[in-house]
Amino acid sequence: MSDKPDFKLLFCLFIVAVVWGTTYLGIRVAVETMQPWYITSTRQGLAALIVLAILLYKKQLAWIGWENFKLQFIPAILMIVLANGFTTIAEQSVPSGLTSILSALSPLVVFLGGTMIGQQKLTLKGFLGVIVGFLGVVFIFKDGLGDILDPNYKTGILFLSIAILAWSVGTIYTKMHTHKSNNIALNLFYQFSIAAIIQFVLALILNPDVDFKAWSARSIFATLYLSVFGSVIAFFAYHYALKRVTATQITVLNYINTIIAVFLGWLLLDEKITFDFVIATGLIILGVFITNYKRK
């Protein structure tokens with residue numbers, strides 16, 4: 001980051017950290033009565049319509065060309081169809097807390113992947129920051145780490161592992177090509193549209209006899225929240241920030257997501273916040289600071 005504070009960038013980073021920290025709860029509520037692929041296709045379809053309305057209002061809707069279309073197709077598959085879709089499937093069986101800790105592996109994967117392809121330098125500071133932040137996440141859930149071996153979570157963890165890998169690869173790929181297009185809204189419109197179509201086809205194939213009347217208002221509202229905030233607002237902020245910071249720097253916000261997820265558990269589900277959580281929060285904040293700190 002530059003020496004002069006970029007408040008727009010800081011605001012976008014704040015949005016990513018907070019909003020995506022709430023999506024674990026949102027997905028968990030949505031899957032109570034809705035099928036995963038219907039959740040994701042509805043989420044991305046509504047997001048595409050919202051972005052379309054914005055583009056039409058600004059008179060910016062246009063064909064991006066086949067070359068740019070291919071650039072948007074890959075992250076749409078990796079980050080939305082696979083990462084978002086499989087995370088939603090996983091939360092049918094895997095507790096949101098365990099989902100959070102496993103998802104916190106993505107900054108480490110992005111850091112290692114980015115250094116392997118030369119996207120960023122392998123530095124002790126960067127590696128230490130990622131590890132310290134991840135240890136903070138582990139500390140929060142240290143009493144429940146044995147759940148990873150629970151046979152009941154086997155399939156969910158497999159889906160979640162694929163989601164983490166897909167998100168990490170998608171982040172690295174997007175960072176590599178982010179300089180080739182400046183219209184974030186237009187790119188997101190194509191990404192959301194591609195993902196929504198594919199996910200809706202999967203929904204029809206895998207759940208052809210769905211009972212729409214069984215969907216609760218609570219689950220539908222959660223899906224609407226995921227669409228407006230989790231997709232449109234957070235993805236825009238994510239892509240804006242990714243143009244200005246390294247892939248590792250933005251993915252370490254996953255650690256903040258975990259803090260938000262635990263806080264919401266305390267606020268809405270009466271879960272206790274222990275002294276361990278306070279220590280873990282300190283480690284996470286330290287990890288984020290180490291990764292992003294630069295001397296002036």
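**Salt bridges, a buried asparagine and a bent helix**

At 45% relative accessibility, Glu32 counts as partly exposed; buried means under 20% relative accessible area, exposed over 50%, and partly exposed in between (1.4 Å probe, protein chains only). The model is predicted, so local features need pLDDT of at least 70 and side-chain atom pairs count only at pLDDT 80 or more, while totals for chains, interfaces and linings use all residues. Residues are numbered from 1 along each chain as its sequence is written, and side-chain values use heavy atoms, with hydrogens and water left out.

The overall picture comes next. The secondary structure comes to twelve helices and zero strands, where helices (H or I, at least four residues) and strands (E, at least two) are DSSP runs numbered from the N terminus. Of the 296 residues of the protein, 54% count as buried. Contacts (heavy atoms within 4.5 Å) with a separation of 6 or more come, in 90% of cases, from residues 24 or more positions apart.

Side chains of opposite charge can pair when their charged atoms come close. A salt bridge is a side-chain nitrogen of Lys or Arg within 4 Å of a carboxyl oxygen of Asp or Glu, and the whole structure holds two of them. In one, the side chain of Arg218 meets that of Glu32 at 2.8 Å, N to O. Arg218 lies in helix 9 and Glu32 in the loop between helix 1 (7-30) and helix 2 (36-58), so this pair ties together parts that are 186 residues apart in sequence. A salt bridge also joins Lys70 and Glu67, at 3.6 Å, N to O. These two residues sit three apart in helix 3 (residues 65-90), separated by about one helical turn. Lys70 is partly exposed at 47% relative accessibility, whereas Glu67 is exposed at 56%.

Helix 9 (residues 217-242) has 26 residues and reaches 35 Å from its first C-alpha to its last, close to the 38 Å expected; that expected span is 1.5 Å times one less than the number of residues. Helix 9 also bends by about 35 degrees at Ala234, the bend being the angle between axes fitted to the seven residues ending there and the seven starting there.

Asn187, in helix 8 (residues 184-206), is buried, with a relative accessible area of 9%. Leaving aside neighbours within four places in sequence, Asn187 is in contact with Asn68, Gln72 and Ser181.
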